[in-house]
Amino acid sequence: MIYHLKNESSDYQLLLQYFHAVDNDFEISLSRKVDLKEYASKLLQNGYVYTVMNETKQNVLACIVFYCNDMETHVAYLPLLSTRADARGKGYAKLLVNEMIQCCREKGMYRILCDSVNPIAVKLYKSLEFTEYQVRRCEQLTKTFLKLDLI
């Protein structure tokens, strides 16, 4: 059910297609913040991208992106968690966050950091033991910063 996308052309196309499909689901659209092509490439090269796919493995239903390669601080960072509107409410995001936590533990991370302006995402993170450490107003939005200590 969970697929780890690799830095390959076919996976790049799947990720880019997904970004276009969910672009406007964010409070500030992804394409307003980043070039989607460059972002997809960067994430596949430097991060971990896990997805939940449909039955035919042609479309991404949910996606989590994280970095867990800082072996100096052992701090991982989660910049993106998203589920297509037509696939919400099925537990995919929770499944992906749990997969990320397991991967970060295996890679020797001590902590995971993330932030969100989405109250539903914040509630999910808190249900998985993330704790809030800062709240900031930015661009008429409330951004909540969270952490999960793994040790």
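Visitor: Why does Lys-57 count as partly exposed?

Guide: This is a predicted model, and its values are computed. Lys-57 has a relative accessibility of 45%. Buried means under 20% and exposed means over 50%. The value 45% lies in between, so Lys-57 counts as partly exposed.

Visitor: Where is Lys-57 found?

Guide: Lys-57 sits in the loop between strand E2 (48-53) and E3. Its phi is positive, about 60 degrees, although Lys-57 is not a glycine.

Visitor: Why is Glu-129 called exposed?

Guide: Its relative accessible area is 62%. The cut-off for exposed is over 50%, so Glu-129 is exposed. Glu-129 lies in the loop between H5 and strand E6 (131-138).

Visitor: What makes Ser-82 buried?

Guide: Ser-82 has 7% relative accessibility. Buried means under 20%, so Ser-82 counts as buried. Ser-82 belongs to strand E4 (residues 75-83). Leaving out residues up to four places away in sequence, Ser-82 touches Tyr-18, Val-22, Phe-26, Ala-62 and Cys-63.

Visitor: What joins the side chains of Ser-82 and Tyr-18?

Guide: A polar contact of 2.7 Å joins them. The limit for the N or O atoms of such a pair is 3.5 Å, so 2.7 Å falls within it.

Visitor: How do you know whether Leu-61 is buried or exposed?

Guide: Leu-61 shows 15% relative accessibility. That is under 20%, so Leu-61 counts as buried. Leu-61 is part of strand E3 (residues 60-67). Among the residues it touches, beyond those up to four places away in sequence, are Tyr-18, Val-52, Thr-83 and Ala-87.

Visitor: Why does Ser-29 count as buried?

Guide: Ser-29 has 9% relative accessibility. The cut-off is under 20%, so Ser-29 counts as buried. Ser-29 lies in the loop between helix H1 (9-22) and H2. Apart from neighbours within four places in sequence, Ser-29 is in contact with Asp-23 and Asn-24.

Visitor: How do you know that the buried residues of H5 line one face of the helix?

Guide: Take the buried residues of H5: Ala-121, Val-122, Leu-124 and Tyr-125. Down the helix axis, they fall within an arc of 160 degrees, so they line one face. The face turned away from this buried side carries the exposed residues Pro-119, Ile-120 and Lys-123.

Visitor: What do the buried residues of H5 pack against?

Guide: They pack against E4, H4, E5 and E7. At the start of H5, a side-chain oxygen of Asn-118 comes within 2.8 Å of the backbone nitrogen of Ile-120.

Visitor: Which residues lie nearest the centre of the largest pocket?

Guide: Phe-26, Leu-81, Ser-116, Asn-118 and Ala-121 do, out of 36 lining residues. The elements that give two or more residues to the lining are helix H2 (30-33), E4, helix H4 (92-106), strand E5 (111-116), helix H5 (119-127) and strand E7 (141-149). E4 gives the largest share, seven residues. The pocket holds about 1100 Å³ of space.

Visitor: How do the residues of the lining divide?

Guide: There are 21 nonpolar, six polar and nine charged residues.

Conventions: Residues are numbered from 1 along each chain as its sequence is written. This is a predicted model: local features need pLDDT of at least 70, side-chain atom pairs count only at pLDDT 80 or more; totals for chains, interfaces and linings use all residues. Side-chain values use heavy atoms; hydrogens and water are left out. Helices (H or I, at least four residues) and strands (E, at least two) are DSSP runs, numbered from the N terminus. Buried means under 20% relative accessible area, exposed over 50%, partly exposed in between (1.4 Å probe, protein chains only). A polar contact is a pair of N or O atoms within 3.5 Å; within protein, one must be able to donate a hydrogen and the other to accept it, and residues adjacent in sequence count only if both atoms are side-chain atoms. Contact means heavy atoms within 4.5 Å. On a 1 Å grid over the protein atoms alone, a cavity is a set of points where a 1.4 Å probe fits but cannot get out, and a pocket is an open set with protein on both sides within 12 Å along at least five of seven lines; lining residues have an atom within 4 Å of a point. Grid points are joined across faces, edges and corners, and a volume is the space filled by probe spheres set on the points. Ala, Val, Leu, Ile, Met, Phe, Trp, Tyr, Cys and Pro count as nonpolar, Asp, Glu, Lys and Arg as charged, and the others, Gly among them, as polar. The arc is that of the directions from the helix axis to the C-beta atoms.
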